Amino acid sequence: MFHFFKLKSHKNDTDYKILYRHLKNVGEISKKIILGKKIKNQKLFAEIAYLIGISHDFAKATTYFQEYLEKGKKTKKAYHGKLSSIFGYFLVKKYLEWKNIPNDIALIAWLVITKHHSDIMDLMGTQGELDELDEIEVEKEQIRDIKQNHLDEIEAIYKDLSPIEINLEEFFDEFDDICKEIKEKGEELVMEGKLKNYFFVLFFYSVLLDADKLDASDTGESVLRRRWKNIPSDLVDRYKKIKFGKPIANIDILRDKAYNEVISNLKHIDLEMDRIFSIELPTGCGKTLTAFSFALKLREIIKDKQNFIPRIIYSLPFLSIIEQNAEVLAEVLAEQAGILWEKLFRMGKKEVMEKLEYAIPSDLLLKHHHLIDIRYRTQNEDLERDVWKSLLLIEGWHSEIIITTFIQFFHSLITNRNRAARKFHNMINSIIILDEVQSIPYEYWLLIRESLKYLAYEYNCWIILITATQPFIFRENEIKPLIKDKEKYFKEFKRSKYVIELKEKSFEDFKNEILRQILNNENKDIMVVVNTIDSSKELYKFLRKELEKEYGKSKVGEEGIAEFKQTMLVNLSTHILPFHRLERIKKIKTEKNKRKIIITTQLIEAGVDISVDIIYRDLAPLDCVIQTGGRCNRNNEKREKGICKIVNLIDENNKNKRFSRIYDSTLIGATTDILEQILIKKGKIIEEKDFVGLVTSYFERILERGSNDPSKDKINAMRWLKFSEIAEFKLIKEEYQKIDVFVEIDDNAKKIWKEYKKIKEIENRLKRREELLRMKKEFYNYIISVDKKKAEKSLVEPYLGYVTKEGYDIETGYRYLKDNALII
């Protein structure tokens, strides 16, 4: 029968894909995706997904589309989404009537098909999706063409593919009435105002998008078969035993105690009721390995008791800690890739990471953020040459364990965007670890709470919240704590004390104070965390100049660290190239013979495994201060307690405004109130365990004073299917509009920029994008994001700047051009 079909769906490099085969494959892949899930109405939804799959390209059966495919002749009549979606509605409705099932899911089928090549927009309102049904002359012309030229083949296709008998003449004859019905039913669906409808749309949209792309790339069958089903649940236990041995130091004993307490709670879990967990422990208490071990063991329990294997998604807020935690997970998983831990631990750090980068298959552990290398590997196949397949599998999260950013995760949960939504079906049926969860802005607590609860209970997910400072996203009775008495751990941590100085201090005076501290504490590692990049640069340059008077001229290596005989001075900010930042952090962690003076911004705040003796922290929200304080005597390895000093800096060059103004006033107000009360009650010095205990009062104040209107607006947009408003969701608010700037700092950068310019001249859009994807990782090594207003003179494209090495200071990073002169 296959040889009878002539209509085509896609053009490949050397041939065409037959429409019948594509519809069949997309329907079957969609069905298999859902049959591989543990969800309510699984079998019904699998059939619906199949019907969506076999109807999504129905209108490619027109002469207009076939001419477009063969000759490149693109007209309005060649567009296939709208007519296909109306047919999809008709097909699903007939199936539900045949099954005698009252269900609005036919409308969902219409919507996801009509937008399967674009983003979903509002159903109602000006230019809403439903209003498009008033203009159907083009679709009627397409129907006339199908009837006249391709009716026999399209009837044969659906006679073979459809599980029910379909009368195409009925569809053609009643076309006007079907469109009116969709519009009426669509308005009713919107007026229901139910959150479930948003998630239905997102789910079926995701399944269709992924199935369509998997088949178009000839990747579908192999991906659906590929799962790592037998990852040992005791993997972390054995890894810890070999790498760390028996704990001896007090902090290691405490970490082991916390680890065992979390794991022991597995015996008391009700898989149906307990869906949201918390691990609240002090910084430096080994939360990464603890959470991952808990997830692996929970995965095994779910596999045994609920008969499906959940993925594990590990999501974090910052790129710097993603790389750090990905290295840890890769080490743990090395055994699965056939690498002996004993052999691995005898290697140097660099050799370990190089080996693991190529040994750990992407379908076992996948990193996904905007700077990753577009390369997907399995144990049997390396798709380095096939960028499109690699991109497809990476962006679709086709892996057993995914480590990714909050941006990737939450912007795929709350979205209208085609590209982001495609991975949603691989987010369901997962164990989701959300690390440093305090980083979620308070105005979105309600939105995140409602979305995660729906994901957990309706789509069989288990969520683990990790933090040292648990925000009030969920109510107390909604979370199962895996650490019952967190205070006992915080009391044991006597690593540091906090010194509170809220009196305003000029930045000029502060610079001199830091210089005195450095000179008077010659054996102490010191970190200064300021609130703006410019102030970090200014302080760094001041210190370098003054220290050279004391210690002699410094030597600056290729990573941009100023090194004196016994001291290294380091600047860290987002104005420094990503690979330079990583090199500096590595050197801070590995250098044992020199003390470190680190001048940085908030990027060091959470998760970065650095330990110093003294920290100065400009006024910031309390949870940020506590996270920064976690870098002070982090491993309790210092001979004396660390000191974390909170200061309140003002900018004398900007009308004496506080540098803390970059933060939300509600957060700073709550922090200031609490710190002022402490000054009255306990004085300016407070122990770590008591300081961390303030976080509950802090979050209570935020709940009282903060507005959750942004959350309510987005929840209402989801309920009323206002996808244009959903599109406005941005987890992270930018202070200013940013642009990317390429820094031609060395010969390799020069070569990459030359290659980039050459690729930009390629006329074929797809070929041009393919070549850009190939060089993406290398290209982005030389990219920094900066304030667009200050960087306008460096623009070479609307959204891309370019500077030579004269525009980049190897120590402090990007230099703005003002009045044709370079400044910090």
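Analyst: A pocket is an open set of grid points with protein on both sides within 12 Å along at least five of seven lines, and its volume is the space filled by probe spheres set on the points. In this predicted model, about 1,900 Å³ of space lies in the second largest pocket.

User: What makes a residue part of the lining of the second largest pocket, and which residues are closest to its centre?

Analyst: A lining residue has an atom within 4 Å of a point; 39 residues line the second largest pocket, and H10, K11, A216, W388 and L766 are the closest to its centre. The elements that contribute two or more residues to this lining are β1 (8-11), α3 (63-71), α9 (195-216), α17 (387-395), α19 (418-421) and α32 (765-774). By class, the lining of the second largest pocket holds 18 charged, 11 nonpolar and 10 polar residues.

User: What makes a space a cavity, and how many cavities of 30 Å³ or more are there?

Analyst: The term cavity applies where a 1.4 Å probe fits but cannot get out, and the count comes to two cavities of 30 Å³ or more. The largest cavity has a volume of about 60 Å³, and its lining consists of V223, R226, R227, R311, D363, Y376, H398, S399 and E400, which divide into five charged, two polar and two nonpolar residues. The second largest cavity holds about 50 Å³, and its lining includes P282, F490 and Y498; α25 (622-629) and α27 (688-692) are the elements that give two or more residues to that lining. Six nonpolar, three polar and two charged residues make up the lining of the second largest cavity.

User: Why is the pair of F58 and F171 called edge-to-face?

Analyst: Ring centres must lie within 6.5 Å to pair, and planes over 60 degrees apart count as edge-to-face. The centres of F58 and F171 are 6.0 Å apart and their planes stand at 90°, so the pair is edge-to-face. F58 lies in the loop between α2 (42-55) and α3, whereas F171 belongs to helix α7 (residues 168-173), and the two are 113 residues apart, so that the pair links distant parts of the chain. The count comes to 47 aromatic pairs.

User: How do you know that α20 and α29 are in contact, and at what angle do they pack?

Analyst: Contact means heavy atoms within 4.5 Å, and W445, L446, L447, E450 and S451 in α20 meet S711, K712, K714, I715 and M718 in α29. Helix α20 (residues 445-458) and helix α29 (residues 709-719) pack at about 35°, with their axes 7 Å apart, and the crossing is right-handed.

Methods. Residues numbered from 1 in each chain as written. Predicted model: local features only at pLDDT ≥ 70, side-chain atom pairs only at ≥ 80, totals over all residues. Heavy atoms only, no water. Axes fitted to C-alpha atoms, helices over the stretch in contact; angles between N-to-C directions. Helix = DSSP H or I, 4+ residues; strand = E, 2+ residues; numbered from the N terminus. Left-handed = near helix turned anticlockwise from the far one by under 90°. 1 Å grid on protein atoms, 1.4 Å probe; cavity = no way out; pocket = protein on both sides within 12 Å on 5 of 7 lines; lining within 4 Å. Nonpolar A, V, L, I, M, F, W, Y, C, P; charged D, E, K, R; others polar. Phe/Tyr/Trp six-rings, centres within 6.5 Å; stacked < 30°, edge-to-face > 60°.
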